[in-house]
Amino acid sequence: MIYRRPRGENTIGLMKVFKRAGALVALVCGVWSPAVGFAEFVPAGARDQEGIAVTVRIESRRFIPHVVNLRIGQQVRFILKNEDVELHAFVPANLLFRTNVQVSGDGAPQFGKDGFRRVLIPSGGQVELVFTSKEAGSFPFFCDLPGHMMNGTIVVDG
Ligand SMILES: [Cu+2]
């Protein structure tokens with residue numbers, strides 16, 4: 001019994017790694033598709049003025065889509081819609097570290113000394129986060145409610 005528990009935890013950890021690897025493959029395919037690159041071309045000077053809106057839905061304990069692409073320096077209205085029958089949380093690992101975030105809607109946001117930590121979104125609720133990504137990279141997000149195992153990735157292109 002003593003040895004069984006750690007084994008189970010390792011298996012779950014590995015599953016997470018495989019899921020993230022899958023997300024990375026999806027990212028690489030999207031980035032290297034010439035059609036996508038061409039369609040998304042925006043003159044450098046226009047980027048800062050042009051905000052965009054992105055919606056992520058939560059359904060059956062999944063974030064849809066689970067990969068979101070943003071651009072560095074571009075303001076985004078990040079909308080989370082909980083269309084599930086239970087409470088969920090949106091926890092961005094490092095994306096919003098020391099970043100100014102305006103939160104509105106019917107969620108319960110939590111802030112720490114380094115800024116935004118997470119927001120709880122009730123069933124049927126909608127939350128809007130307005131922020132500007134300062135750093136390029138791949139940033140995982142997840143729901144930290146016990147047993148939910150929900151995650152996704154926000155990819156910020158430079
Ligand atoms: Cu959840």
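Guide: What follows covers confidence, then the sheet, then some backbone details.

Guide: This is a predicted model, in which local features need pLDDT of at least 70, side-chain atom pairs count only at pLDDT 80 or more, and totals for chains, interfaces and linings use all residues. Residues are numbered from 1 along each chain as its sequence is written.

Visitor: What pLDDT does the protein average?

Guide: The average is 79, and 68% of the residues score at least 70. Residues 1-49 have a pLDDT below 50, and beyond near neighbours in sequence this stretch has 17 contacts in the model. Here pLDDT is the predictor's confidence in each residue, from 0 to 100, and a contact means two C-beta atoms, placed from the backbone, within 7 Å. Where pLDDT is low, the predicted coordinates should not be read in detail.

Visitor: OK, the sheet. What is the strand order?

Guide: E3-E11-E10-E5-E8-E7, an open sheet of 6 strands with mixed pairing. From one strand to the next the twist averages 25°. Strands (E, at least two residues) are DSSP runs numbered from the N terminus, and two strands pair if DSSP finds at least two bridges between them. For angles, axes are lines fitted to C-alpha atoms, and values run from 0 to 180 degrees between N-to-C directions.

Visitor: Do E3 and E11 pair in the parallel or antiparallel sense?

Guide: Parallel, over 5 bridges, with E11 spanning residues 150-157. Val68 is opposite Ile154 in E11.

Visitor: And how many bridges join E10 to E11?

Guide: There are 7, and E10 (residues 137-143) runs antiparallel to E11. Phe142 is opposite Asn151 there. The hairpin of E10 and E11 has 6 residues between the strands, and Gly147 in it takes a positive phi near 80°.

Visitor: How many residues of E11 are buried?

Guide: 6 of its 8, so the strand is mostly covered, where buried means 20 or more other C-beta atoms within 10 Å of a residue's own, exposed 12 or fewer, and partly exposed in between, with C-beta atoms placed from the backbone.

Visitor: Back to E3. Why is Arg71 classed as partly exposed?

Guide: Because 19 other C-beta atoms lie within 10 Å of its own. Arg71 belongs to E3 (residues 67-71). Its C-alpha atom is 6.2 Å from that of Gly158, 87 residues apart along the chain.

Visitor: Where is the cis peptide bond?

Guide: From Ile64 to Pro65, with omega near -5°. Pro65 sits in the loop between E2 (62-64) and E3. Most residues other than glycine have a negative phi, and most peptide bonds are trans.

Conventions: Helix = DSSP H or I, 4+ residues; strand = E, 2+ residues; numbered from the N terminus.
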